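Good morning, and thank you for coming.

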Amino acid sequence: LRARFDIPDPFRLFAAMRQEGHPIQIIPLILAALLIPPAVHASCPTYAAWLDASNEIHPVYCAGVPCNNLKGFATVALSPDGTYLEVTLQVQATPDSAAIPLFLPPAIYGPYDATQEAAAGVAPLATLSVPSLSLDQSLWSSSSRIKPADLPKLMDALRNGLAYVNVPTDRVPTGELRGQLQVVTCLEAELNSATACAASNLHPYAFANVLLSADEKLSATLVQLPRDPSRSIPTPVSVEVTSTTSVRLATLQTQQYSSCVSGSFSGLKVGFRPSVRFFLSGFVFQADGVTPCSVDEKHTYPAEINVPTSYARLLQR
């Protein structure tokens, strides 16, 4: 399956992105057949926020050092009839996290710009679902419909870039993650196959969207395969983001994975394991091995495709 997006330049897409011209292509590589039910589609939210501890106005310290093992993402869209908001919230612990906090209720505050924050005791414009993370589930996401008490006030703050998402925890009750909600560039595509599947003679399809921040320095992507019982859909072996010059920019994980090292998806970490190679001049020892992450180190994450509320490869500053 292949889709093409025309994307402004310069920008950086995903954690592994290198600066490229436009357009780019999202290419799921297909192998084998699978029946999956009901159809899905990717839709573009109007507002998004990349959540990071560095965005907070107040100091963010964990056990005396800056907190830096969480990241998050949120989207907001007004319903077609204008009566409620569709909100998604995603929080993830980094693979090298030694501790995961307990979360307090996240909320949207406004009207405040990126240099301001609500004073203690100020009521939020909306309250969101409380995240829950663990080693076995190190990415949490939710999708909900909310009806704020003062929807016009919230919409006014959103339209003027004066609303932010704040995620407090037990270790930083005033807020450990923050992100300013902003109007994003959203690129949508339906991925189609040029040839029919041999097993079913049907053409597989999928949906994708890529969100770019206003300054084109942050991004997120969502790839969804349809779950349609009337169609036989091949199972993707990998989902890759490539440039038109065939440079691999990122690879999304199609299966659940474990990791204790950022950028690793195998549950392994680089380690020293001596190996002996015989040369005429004698024995040569070299470090060429890897060791598994221990039970206390290993974080587990869901697949990065086909999760309606989870955006993969969020780029952080």
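The link of C62 and C67 is right-handed, with 105 degrees about the S-S bond. Please bear in mind that this is a predicted model. The sulfur atoms of C62 and C67 lie 1.7 Å apart. Is this pair buried or exposed? C62 has a relative accessible area of 11% and is therefore buried, and C67, at 6%, also counts as buried.

Let us turn to C260 and C293, which are joined with an S to S distance of 2.1 Å. Here the torsion about the S-S bond is about -75 degrees, so this disulfide is left-handed. C260 is buried at 10%, as is C293 at 5%.

The remaining pair is C44 and C186, with sulfur atoms 1.9 Å apart. It links distant parts of the chain: C44 sits in the loop between β2 and β3, whereas C186 belongs to strand β14, 142 residues away. This link is left-handed, with -80 degrees about the S-S bond. C44 is partly exposed at 28%, and so is C186 at 22%.

In total, there are three disulfides, and their pattern along the chain is 1-4, 2-3, 5-6.

Finally, confidence. The chain averages a pLDDT of 77, and 69% of the residues score at least 70. Over residues 26-42, however, the pLDDT is below 50, and it stays under 50 over residues 272-289. Where pLDDT is low, the predicted coordinates should not be read in detail.

Technical notes
Residues are numbered from 1 along each chain as its sequence is written. This is a predicted model: local features need pLDDT of at least 70, side-chain atom pairs count only at pLDDT 80 or more; totals for chains, interfaces and linings use all residues. Side-chain values use heavy atoms; hydrogens and water are left out. pLDDT is the predictor's confidence in each residue, from 0 to 100. Contact means heavy atoms within 4.5 Å. A disulfide is a pair of cysteine sulfur atoms within 2.5 Å. Helices (H or I, at least four residues) and strands (E, at least two) are DSSP runs, numbered from the N terminus. Buried means under 20% relative accessible area, exposed over 50%, partly exposed in between (1.4 Å probe, protein chains only).
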